[in-house]
Amino acid sequence: MPAGATPIDFAYKIHSEVGNTTTGALVNSKMVKLDHELKDGDMVELITQKGHAPSKGWLKIVKTEAAKSRIKSYFYKKEREKYITLGHEMLSNECKKKNVDINDIITDENIEKLNNSLGTKDLDDIYFSIATLKYLPSSILNRLEVHEPKKKVLTLSRKDIKGGNGILIAGSNDILCSLATCCNPVYGEDIVGYITRGYGVKIHSKNCPNIDLNSERIIDAEWESSNENRYTAKLKVYIDDVSDILLKIITLSTKDSIIVDSINLINRNKELFYDISCRVKNINDLHLFIDEVKTINSVVKVERVFI
């Protein structure tokens, strides 16, 4: 054992399982802490407990590369298991949206087809790639040419048809309008219209920094009624430690029915943050998601991005 080695190093030298389940140690018949430095000739007796798991803090204690490698391997496997479970859940939810059964989709033939297409090794690898957002659940189903069963087409009279985006401009739904991409307004938040030249009315969030609410081009706008549309929102999640934050964010998004289209880790000007683009049904869902992300350890702050 190298100089400064600890009982944990000694435990992992015996076997990974011994190291993982070590809870204490006796050195020369005396109880010592796990960061105790061993000396030549010490008699070491390890105390283990079935089901006990190592601590990430051990990585700062151990001295041997073998011990560090086995501790890291343990946490990688545990994290991977969580991602695999989450990936299955994400794909299952996407199947439900298309009114198909995931058990009808995940066949041996389709798994082989996906492995050849994605370069994955097995089903677990596919689920892992979904949870880490390497591939969106929708893109997986598209590769398998899975589509929602056709619904019966209803014929509506002109008076039954409402504005496509569900927005009233000065009380009318017949005025050409579109959502501004600088602020990406979300259903339920306060909005205004901005009269453009040749492009109809652009709908902005009232909080958008790119408009002057006192401008003569501003026109009243409001959401007409609830709908099943999803609206793009962009967020920055500032963190002070990466750890397993990505997994927690994706888990929350799945629970809150938020569709995450992209998530990228950015290190800029000594600030570390996740740049997220997601789709939500309404402003309340977005606020709930933001509030829950704020509760994650190592998250410093969460901001909605206006370009």
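This talk walks through helices, charged pairs, ring pairs and backbone angles in one predicted model.

First, the ground rules. The model is predicted, so to speak of local features we need pLDDT of at least 70, side-chain atom pairs count only at pLDDT 80 or more, and totals for chains, interfaces and linings use all residues. Residues are numbered from 1 along each chain as its sequence is written, and side-chain values use heavy atoms, with hydrogens and water left out.

Let me start with helix α9. Helices here are DSSP runs of H or I with at least four residues, strands are runs of E with at least two, and both are numbered from the N terminus. Helix α9 covers residues 283-294, which is 12 residues. From first C-alpha to last, α9 reaches 17 Å, close to the expected 16 Å. The expected span is 1.5 Å times one less than the number of residues.

Which residues of α9 are buried? They are Ile 283, Leu 286, Phe 289, Ile 290, Glu 292 and Val 293. Buried means under 20% relative accessible area, exposed means over 50%, and partly exposed is in between, with a 1.4 Å probe and protein chains only. What do these buried residues pack against? Two of the partners are β9 (231-239) and α8 (245-255). The others are β11 (271-280) and β12 (299-304).

Now the N-terminal end of α9. Asn 282 caps it. A side-chain oxygen of Asn 282 lies 3.1 Å from the backbone nitrogen of Asn 284.

Stay with Glu 292. Lys 255 forms a salt bridge with Glu 292, and their closest N and O atoms are 3.0 Å apart. A salt bridge is a side-chain nitrogen of Lys or Arg within 4 Å of a carboxyl oxygen of Asp or Glu. This pair links distant parts of the chain: Lys 255 is in α8, Glu 292 is in α9, and they are 37 residues apart. Glu 292 counts as buried at 19% relative accessible area.

How many salt bridges does the structure hold? There are 9. Here are two others. Asp 261 and Arg 279 meet at 2.9 Å, N to O. Asp 261 sits in strand β10 (residues 259-268) and Arg 279 in strand β11, 18 residues apart. Asp 261 is partly exposed at 26%. Arg 279 is partly exposed too, at 28%.

Next, Glu 303 and Lys 301. Their side chains form a salt bridge at 3.3 Å, N to O. Glu 303 is partly exposed at 31%, and Lys 301 is partly exposed at 37%. The charged end of Arg 80 sits over the ring of Phe 128, at 4.7 Å.

On to the rings. Rings of Phe, Tyr and Trp (its six-membered ring) pair if their centres lie within 6.5 Å; planes under 30 degrees apart are stacked, over 60 edge-to-face, and the rest tilted. By this rule there are 6 aromatic pairs. Tyr 12 and Trp 58 are edge-to-face, 6.5 Å centre to centre, with 75 degrees between the planes. Tyr 12 lies in helix α1 (residues 7-14) and Trp 58 in the loop between β3 (44-48) and α3 (65-97), so the pair ties together parts 46 residues apart in sequence. Both residues are buried.

The pair of Tyr 187 and Trp 223 is edge-to-face, because the centres are 5.4 Å apart and the planes are at 65 degrees. Trp 223 is buried at 13%. Ring pairs link Tyr 187, Trp 223 and Tyr 231 into a cluster.

Last, backbone angles. Most residues other than glycine have a negative phi. Which way does Lys 270 go, positive or negative? Its phi is positive, about 65 degrees. Lys 270 lies in the loop between β10 and β11 and is exposed at 87%. Ser 298 also has a positive phi, near 80 degrees. Ser 298 is in the loop between α9 and β12, and is partly exposed at 22%. Just after α3, Asn 99 takes a positive phi of about 60 degrees.

Key
Contact means heavy atoms within 4.5 Å. A polar contact is a pair of N or O atoms within 3.5 Å; within protein, one must be able to donate a hydrogen and the other to accept it, and residues adjacent in sequence count only if both atoms are side-chain atoms. A charge sits over a ring if NZ of Lys or CZ of Arg is within 6 Å of the ring centre and within 35 degrees of the ring normal.
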